[in-house]
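Here is a quick briefing to read with the model open beside you. Have a look first, then work through the points below.

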Amino acid sequence: MSANEPQEKYQDSELFRIRHSAAHIMAQAVLELMPEAKYTIGPAIENGFYYDFDLPRALTPEDLVQIEKRMRQIIAGNHPFVRRVLSADEARQIFKDQPYKLELIDGLEKGQFDEDGNPLEEKPEISIYTHDTFTDLCRGPHVESTRKINPSAIKLMSVAGAYWRGDEKNKMLQRIYGTAWKTPKELEQYLWQLEEAKKRDHRKLGKELEIFVFDEEVGPGLPLWLPNGGVMIEELESLAKEVENAGGYDRVRTPHLTKEELFIRSGHLPYYAESMYPPMELEGVKYYVKPMNCPMHHKIFASLPRSYRDMPIRLAEYGTCYRYEKSGELFGLMRVRSMQMNDAHIYCAEEQFEQEFMAVIGLYLHYFEIFNIEKYVMRFSTHAKAGLGKKYIDNERLWLKTEDMVRRAMQNGGVPYIEVPDEAAFYGPKIDVQIWSAIGREFTLATNQVDFAVPERFDLKFINPHGEEEIPLCIHRAPLSTHERFIGFLIEHYAGNFPVWLSPQQVRVIPITDSQNDYVYNVVKQLKALGIRASADVSAARMNAKIRSAQLFKIPYMLVIGEREMNEGKVSLRRRDGSRQDDLALESFIAIIQEKIKSRSGELI
RNA sequence: GCCGACGUAGCUCAAUACGGCAGAGCAACUCACUUGUAAUGAGUAGGUUAAGGGUUCAAGUCCCUUCGUCGGCUCCA
């Protein structure tokens, strides 16, 4: 279930103090290496810490080695961390050569921001921590002395760019990431986890399993789905269609292009233009490739007069969209520029909202079960007043009203969620579902958004029981995300060992010598006739090599066939986990695999 | 988009800090072997070293530009 178990807050833990203190020690080492360095902030984060510096030159990997070495020396010095509370003016005196610190002190004095740049509720005390020769503006807490850190349990990981205060208008600083643990064993364990995660990286497995490729000549962020990926897409789409048909959805199809007018009306051009491909102009008319399907679905809703008897109307489409993601934001299949979305728009009357909204949440839970997703969090994203008219449609009354409706629906439905301000879509609040793959990597996949503004802009209406025109609410939802992101997630989640129903190749039939080839062809033919994805390996290689090859492709079932099996109409079943079942009648195997496929079993063997 | 690193055969990697004849394994193809649950052996072919420009007697290696990828930042399904 969702991760809401009570536990010690990380901020109060020993590990947090170790990491935060390690950040200070690293800053000391960096300042010794480059005395002109300006230092900014350096918090503890999940699995480690970082510190941001403004440096006269770029850091090199050799610098990191030096810095790490010096950190160990400082730790060995057993210097105590000493806290001191002081006035803003005194702090300004201490940090007079550190412009970033002076900016932070101003923020603290006005009670706006803490030293990590987070907004403050009330005006804080200003404090500094000193160890050895290094003093930092800091709220703490720290370990008592540097020796409390195990010098063999820290490691500097990487250098990266980061904007001062996370704002892209500000200067780019150099950030050093480090990791720190209580014991060397824990450090090793963490590094091992990183290695394991690399093995599951969807970019690596996607290539090895021949699921997708990127081609420089086609363009960045524009994946080509190979036949194996094509199979997975087909399977996901049939699942979605099945579920949506049962849920009362109607399927529609819409073009990839539309005239500029439509996107002006929808609000995409004013609010979303920088994520859209630029227009193409023909005969004086501008056309845009669509970044979302909603405007077309709205037009379909508007194409007929609607009565309250028809409501809700649920329009579904695996729509292909194009978004101009900035080049540095692209990431394998997870962040692409062309994508196919498990999209639908639900138009309903206000009193139908709660039921419809919760039905969508129900869909998520159904899918989570199918895909063995055990850990997730519903993130309720709301607007921020400051963004009205810029990031968000300027109608505070409707924002507050719809946010309240969503909150009530979630509470009535007993669905745990966390509320995150200032992350809504431009047209309304949304629920994003954050999930964790089997190795604990986090993804934002499904989304469920309320649109209170656009139906009005599109002049959408239905006739209510009183014979009056009423504007419907619209729910945008995409429980299976996009094919790109969802399959990327599935590859990492299953490490390529997909459940049988989803496996691009389900059965590999392997003859021991080529005198069994004819029988093998016959077996494959029978399996294929039943819709099972089977192929024969009749290459010149030996049986062992064929098994290895099927194993590397993570094909769930191998049927090994020799003289004996051929004569008795049997197969020797080898599963990808290495387990075996000999002397199995072909019909028995067919019964086994058909059951797995039909039930979309989540069992991996 | 920004900071930094990287780009050698279909894939994984070499090519001795300091320029001096582009190499290996796997995959592919050919031939032989006919094999009982993770690699049979031998041979053949495969490259304008991402693209373009520059320095040099000589550039995979040094410099510049462009493209792409990766680690982050920002942004997001």
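How many nonpolar, polar and charged residues does the surface near RNA strand B have? By class, there are 20 nonpolar, 16 polar and 21 charged residues. Here Ala, Val, Leu, Ile, Met, Phe, Trp, Tyr, Cys and Pro count as nonpolar, Asp, Glu, Lys and Arg as charged, and the others, Gly among them, as polar.

Before you go on, keep in mind that this is a predicted model, where local features need pLDDT of at least 70 and side-chain atom pairs count only at pLDDT 80 or more, while totals for chains, interfaces and linings use all residues. Residues are numbered from 1 along each chain as its sequence is written, chains are lettered from A and ligands numbered from 1 in the order in which they are written, and side-chain values use heavy atoms, with hydrogens and water left out.

**Around the RNA**

- There are 57 residues around RNA strand B, and Tyr 163, Arg 335, Arg 542, Glu 565 and Ser 572 come nearest; "near" means that a heavy atom of the residue lies within 4 Å of the strand.
- Of the RNA strand B atoms within 4 Å of the protein, 48% belong to sugar or phosphate, and the rest belong to bases.
- Some polar contacts (pairs of N or O atoms within 3.5 Å) involve the protein backbone: a polar backbone atom of Gly 328 is 3.0 Å from a base nitrogen of RNA strand B.
- For Glu 563, a backbone N or O atom lies 3.4 Å from a base oxygen of RNA strand B, and a polar backbone atom of Thr 444 is 3.4 Å from a sugar or linking oxygen of RNA strand B.
- H16 gives the most to this surface, with seven residues; helices (H or I, at least four residues) and strands (E, at least two) are DSSP runs, numbered from the N terminus.

- As a rule, most residues other than glycine have a negative phi, and most peptide bonds are trans.
- The peptide bond from Gly 140 to Pro 141 is cis, with omega near -5 degrees, and Pro 141 is found in the loop between strand S6 (134-137) and S7.
- Met 311 and Pro 312 are also joined by a cis peptide bond, with omega about -5 degrees; Pro 312 lies in the loop between helix H10 (294-302) and strand S15 (313-322).
- Ser 481 has a positive phi, near 60 degrees, and sits in the loop between strand S23 (473-477) and helix H14 (483-494).
- Ser 481 is buried, at a relative accessible area of 6%; buried means under 20%, exposed over 50%, and partly exposed in between (1.4 Å probe, protein chains only).
- Ala 495 has a positive phi too, near 50 degrees, and it counts as buried at 13% relative accessibility.

- The structure holds three cavities of 30 Å³ or more; on a 1 Å grid over the protein atoms alone, a cavity is a set of points where a 1.4 Å probe fits but cannot get out, and lining residues have an atom within 4 Å of a point.
- About 80 Å³ of space lies in the largest cavity, and its lining residues include Leu 209, Phe 498 and Lys 554.
- By class, that lining has six nonpolar, four polar and one charged residues.

Key:
A polar contact is a pair of N or O atoms within 3.5 Å; within protein, one must be able to donate a hydrogen and the other to accept it, and residues adjacent in sequence count only if both atoms are side-chain atoms. On a 1 Å grid over the protein atoms alone, a cavity is a set of points where a 1.4 Å probe fits but cannot get out, and a pocket is an open set with protein on both sides within 12 Å along at least five of seven lines; lining residues have an atom within 4 Å of a point. Grid points are joined across faces, edges and corners, and a volume is the space filled by probe spheres set on the points.
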